[in-house]
Amino acid sequence: MTLFAAESDAASLAAQYNNQGWTTEINASPKYSIRELFSLSTQASAQKLDVLHCPHYTLPVGLDCRSVVTIHDLIQLRFPQYFSLPQRTYAKLMIGHACAHADRIIVDSRFTQTDIEQEFPSSIGKIETIPLGVSEHFGRRLSAQENEQFLARFGLTRPYLLYVGSAKIHKNIGLLLEGYRRSSISKDVTLVSAGEPISNNSEAVRFFADESFRRSIKELGRISDADLASVYQNAMAVVLPSRYEGFGFSVVEAMKAGVPVIGARAASIPEVIGDAGLLFDPDSADELADLITKIADDEELRRALVEKGSEHVRQFSWQACAEKTMHAYLKALQ
């Protein structure tokens, strides 16, 4: 089995996979370049591959083997303001090419399947919906000492509400902040963010201008996986307010960590959360505020959500994801 990797990624991939029977071959073409599309076809032909799996939407041109492509979402089409005209044009053309020419298409959710089928009818009948997995390390229970050391290191006190993710516009940070401010807990419960600082969001400017409100927010920035597991496990609840997600890792990571989740009733989020969390209208700060207050005040509700989440998250395993992906390869060969 062969991994084709960009030069910048080859060493880390080789270290991770070469002892598992894989070989790593460098592709020197720039990522997302026209040259890459043809050079990968040449390498695939030279290796006499049966199936080439492209884990993003850039399916090479002129392949002489069967192909599988993963398309996580249509963010370039649904939120074009994030991307330049060349980036949007490239994505539209390449996703269309992948949908027309791949033998099988893997997506992370039924929502993304429907989104792609409506935008690219050539994909119909080819799509395999395969949910992603969640790392087991989020489920490792921390000792009391580990928890206290983590909290002290980052200057955190419990209870706190947690958001994990980027600060892009579709993440709905403005509504998150407004819902938190309107809740009855904002003076007693900190809002913690991990990942890109939410103060980078254009909708957040007016909230951060209020110094008294600003003091109730703690931005950790990008943190290690170990610290991410800790910040989940010490949270009162995790909120995912996004308007658009192809999957939504933070809610399954929170469930694995034994933390209640609140999510927007949008895109794939209700599908991923199921009945194991609370959902709100992504346009209603009042509805979010009510749920934040409810989950803070009701210990029995938190316990029930943790129990449901622990059961629900079992379906999101990397083992199952790998097995279903292998099945997609076999279907591509038929």
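Trainee: How many aromatic pairs does the structure hold?

Mentor: The structure holds 13 aromatic pairs. Rings of Phe, Tyr and Trp (its six-membered ring) pair if their centres lie within 6.5 Å; planes under 30 degrees apart count as stacked, over 60 as edge-to-face and the rest as tilted. One of the pairs is Tyr-180 with Phe-213, which is tilted, at 5.8 Å centre to centre and 50° between the planes.

Trainee: Before we go on, what kind of model is this?

Mentor: This is a predicted model, in which local features need pLDDT of at least 70 and side-chain atom pairs count only at pLDDT 80 or more, while totals for chains, interfaces and linings use all residues. Residues are numbered from 1 along each chain as its sequence is written, and side-chain values use heavy atoms, with hydrogens and water left out.

Trainee: Fine. Which helices do Tyr-180 and Phe-213 lie in?

Mentor: Tyr-180 is in helix H7 (residues 173-182) and Phe-213 in helix H9 (residues 211-214), so the pair ties together parts that are 33 residues apart in sequence. Helices (H or I, at least four residues) and strands (E, at least two) are DSSP runs, numbered from the N terminus.

Trainee: Is Tyr-180 buried or exposed?

Mentor: Tyr-180 is buried, at a relative accessible area of 0%. Phe-213 counts as buried too, at 7% relative accessibility. Buried means under 20% relative accessible area, exposed over 50%, and partly exposed in between (1.4 Å probe, protein chains only).

Trainee: What about the rings of Phe-247 and Phe-316?

Mentor: Their centres are 5.7 Å apart and their planes at 80°, so that pair is edge-to-face. Phe-247 sits in the loop between strand S10 (237-240) and helix H11 (249-256).

Trainee: Which residues do ring pairs link into a cluster?

Mentor: Phe-79, Tyr-82, Phe-83, Phe-111 and Tyr-244.

Trainee: And which charged end sits over the ring of Tyr-82?

Mentor: That of Lys-168, 5.7 Å from the ring centre. Arg-181 has its charged end over the ring of Phe-213, 5.7 Å from the centre. A charge sits over a ring if NZ of Lys or CZ of Arg is within 6 Å of the ring centre and within 35 degrees of the ring normal.

Trainee: Switching to helices. At what angle do H6 and H10 pack?

Mentor: Helix H6 (residues 144-154) and helix H10 (residues 225-233) pack at about 100°, with their axes 10 Å apart. That makes H6 roughly perpendicular to H10. Axes are lines fitted to C-alpha atoms, for helices over the stretch in contact, and angles run from 0 to 180 degrees between N-to-C directions. Angles under 35 degrees count as roughly parallel, over 145 as roughly antiparallel, 65 to 115 as roughly perpendicular and the rest as oblique.

Trainee: Which residues make the contact?

Mentor: Phe-150, Arg-153 and Phe-154 on H6, with Asp-227, Ser-230 and Val-231 on H10. Contact means heavy atoms within 4.5 Å.

Trainee: How do H13 and H14 pack?

Mentor: Helix H13 (residues 285-297) and H14 meet at about 95°, with axes 5 Å apart. They are therefore roughly perpendicular to each other. H13 brings Lys-294, Ile-295, Ala-296 and Asp-297 to the contact, and H14 brings Glu-299, Leu-301, Arg-302 and Leu-305.

Trainee: Where is Ser-183 found?

Mentor: In the loop between H7 and strand S8 (190-195). Ser-183 is buried, at 6% relative accessible area. Leaving aside its neighbours within four places in sequence, Ser-183 is in contact with Ala-289, Ile-292 and Thr-293.

Trainee: Last topic, the backbone. Which residues does a cis peptide bond join?

Mentor: Arg-158 and Pro-159, with omega about 0°. Pro-159 is in the loop between H6 and strand S7 (160-165). Most residues other than glycine have a negative phi, and most peptide bonds are trans.

Trainee: What is phi of Asn-172?

Mentor: Near 65°, a positive value in a residue other than glycine. Asn-172 lies in the loop between S7 and H7 and counts as buried at 3% relative accessibility. Ala-267 also has a positive phi, about 50°, although it is not a glycine. Ala-267 is partly exposed, with a relative accessible area of 24%.
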